[in-house]
Amino acid sequence: MPQYGFFFDQSRCIGCRACAVACKDWNDLPEGPVKWLRIYEYEKGSFPNVRVHYHFIPCFHCENPVCIDASSARGIYKEDKYGAVLIDPEKATRLRDAAAACPYGSIVFENDASDAKASKCTMCIDRLEQGLLPACVAACPTRALDFGPLETLQKKYGVNRDLEDLPSSNLTKPAVVFKPHAPKKQLVPYDVNKALKLLAERNNLPPLYATPDDVIKIPEGLLKRNKLVLKPTSVQELHALTKDDNA
Amino acid sequence: MMGAWAWIPYVDHEAPDIFNTKLIIMWGWDPTTSEWMIFTKYYLCLAKERGIPIIVIDPRYTASAEVYADQWIPIRPGTDVAMMLAMANVIFKEKLYDQEYVSKYVDANGLQKWMDYVLGKTDGVDKTPEWAEKICGVPAETIRELARLYAKSKPCHLNVSWAQARQPYGENVARAAIALHAITGNIGVPGGSSCLGGGLVARGVYDSPIVDYRQKPVPKTEMWGGTLPVLYCNWKWADAVLLREKVDRGELSKEEYNSIIGNAADNPMPNLHMLWINKNIFNQTVDLNKQIQAIMKMDFIVACGRHMTPSNKYADIILPLTDVMFEERHFFGNMYAPKIIEPLGEAKDLMWIQTQLAKRLGLLDLFMPLYTSDEEWDSLMERLHKEAYEKWAAERGINIPWDEFKKKPIIRRDVVGELNYPFKPQIRKGEKFNTKTGKIEIYSEYLATTDLKKTQYGGPIDPMPVYRPVWEGFYDPKAQRYPLMAITPHGRYRIHSVQDSNPWLSEDCYRHAVWINVADAKARGVKDGDLVRVYNDVGEMVIPAYVTSRIVPGVVCIYEGAWYAPNAQGVDRRGCSDIICHSESAAQRYPGTGAWPFVALVEVEKF
């Protein structure tokens, strides 16, 4: 059975959401939490040794789609031509169990009602039929995305299906190839302790903080965008977590 | 949409030239958010993948710092010049400057003056890394090693963003950067840095057809070809209104008034009673509350617009405009926007509105002599665009007929030949630079010897790049009361204030929040998502807090362009950054014109 998939180069992703906007545009999705493609941006570490992680989460159209088995309504199926995992629209209001099974949270709902309508990424199968790339891939300004037969992608980019903070690919064999973000390299010396001391002081004014710990110790709950939450408990939370603070 | 901005006369190194560089320093430059050439983002990915080392210097850990940079060097905003001077100090003392280049291409007299200043011979302050570290918050050894790396990595693409120039004394940042380019021999060489940042340029992009609406020359003495004096600097318009009353009461001299508002001393004084606006201007000009006072003094405000923006809400009359992307035909730089739909409702294009006014003012022959009737307006516009296109295409040997071009307005061509970059003829062929000495001038004799009070600049401007602590900055005594320095950069999902009302962006993509460092948030009992009051002596807003380690302690960031939305008490609940930015302190300490002061000292408290 043919299997198409995505390539996501995290080392090129700037988190601009052109892909997510293109997805909503092409698929005529309303503003709000019905996000077939979710972009996450969150930070790890402390000042100044901080990293920002970007994640591209559509449906990965898994080779082992656990959502299909979990759906008591038999509302999800794997299509033959591209291996896309699709929803049967007749059964879209009975897919809570299927959604619960997906480790990536790729089945999304209009609201939190138990019979809320579910929907998900279709691999832009309608575009594929016209010979076009999925809308997200075509929109990427840094070419951090690619799409094609999974085997071709693996030949081109390798076979890595795992990325830091994502669930292990062993569970579902997602049809994706990932390239992780690039390591940092210190080109000129930078003494963090000295910098933190300098940044506390300013002329005759009182110091901005008392000790470096004020800057680098981060109590639980102070930050929100500091972890990947793929399966939030409400549509509102999902909507909030898949935004950034860049405008 | 990005292409729409390409009309701005703008030069930099062509994008593939970035591969010729040995080191990229992105100073305040975040092309993942703000640049004119969308492919700059992509070329920087390629440069990184080719192993070119990249350093980002910025008060924030931006997407550029994450994706492109090997190393992020955080710096206090408003202190860039101090760090640049310290780098120059190291470069001069260790003789790391390009002596051959400098002797050939840099004006020796001005260079000597700047070198004397940098080395402390003129003011007794040696601008060493140790001097700069206390100002910038960057350790001296980092500055010293960076200066060495910079001078030894030849060529180096040092891209200093225009962002730093959007603050008091911003012109000094721009000039200090160019001085660094010059002494390291990076101007006009492949892989170098010949100007200020923005974006890399595409190879071989066509210019645009130019529509000639008049089809006869404009008499030199009339309208835009003429010599109308500039009567006030645009961000001083509210002062021009409010202070005028003081002049009329005899409380302020004409000379002082003109100096404050950016008008030459001998010019007539402006006397504003009516405003004609066609953009969201109040939202995008410093000190919104002062502007509102001035707005209230106006007898009449006419707006032309497409949206009910904060500015348009103050208008007596709003003339609805057509959408330039869909309802009109337009050449934008290297783009063509065809007319896709008929205008909705009563919307008209701006040119039509202006033509109607010209007609009633008896200026039709000057403004739009080809106008015949409203019925023929659309066919006239079509004809003028067709003629412009055909002339342009013929000159370039393009054989695509107009009707075909309109259906698919994309023209591709092969680009051959050498890469281009600015000042190639000066370096390669020995042509003169367009300056008095014919060389790169670090010191401006004009600024040094002219009484600028008599000009529209209103007062003295430093003849060379020097460090001055910015007002509304870290070292302004006002920081006692308002200890956090707010920066207001361009946001990713707006072009200034455009698209703020687009729910696909403002609802789906982002939360408009104030960035605040972990230490500053803890000290104020603020958690991420809490509503906070951001305020100072000129304005206040209530918006959510984004608590993060991605910003220098003591600095907060509010992206510009959010639409002012006051509640009943006049507190902005959307977060228009211009409400906290001063226009007044500038007037008292600095010439009326100059860089727009888009920074502010503020306090933040839990709401």
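Is Tyr314(B) buried, partly exposed or exposed? With a relative accessibility of 23%, Tyr314(B) counts as partly exposed (buried is under 20% relative accessible area, exposed over 50%, partly exposed in between, with a 1.4 Å probe and protein chains only).

## Ground rules

This is a predicted model, where local features need pLDDT of at least 70 and side-chain atom pairs count only at pLDDT 80 or more, while totals for chains, interfaces and linings use all residues. Side-chain values use heavy atoms, leaving out hydrogens and water.

## Aromatic pairs in chain B

Rings of Phe, Tyr and Trp (its six-membered ring) pair if their centres lie within 6.5 Å; planes under 30 degrees apart are stacked, over 60 edge-to-face and the rest tilted. Over all chains, the count comes to 38 aromatic pairs. One of them joins Phe282(B) and Tyr314(B), edge-to-face at 6.1 Å centre to centre with 80° between the planes. These partners are 32 residues apart, each in a loop of chain B. Phe282(B) is buried, at 2% relative accessible area.

Tyr336(B) and Phe405(B) have ring centres 5.4 Å apart and planes at 50°, so this pair is tilted. Tyr336(B) lies in strand E9 and Phe405(B) in helix H15, so the pair ties together parts 69 residues apart in sequence (helices, H or I of at least four residues, and strands, E of at least two, are DSSP runs numbered from the N terminus). Both residues, Tyr336(B) and Phe405(B), are buried.

The charged end of Arg127(A) sits over the ring of Trp26(A), 4.6 Å from its centre (NZ of Lys or CZ of Arg must be within 6 Å of the ring centre and within 35 degrees of the ring normal). Lys348(B) lies over the face of Trp352(B), 4.8 Å from the ring centre.

How values were computed
Residues numbered from 1 in each chain as written. Chains lettered and ligands numbered in written order.
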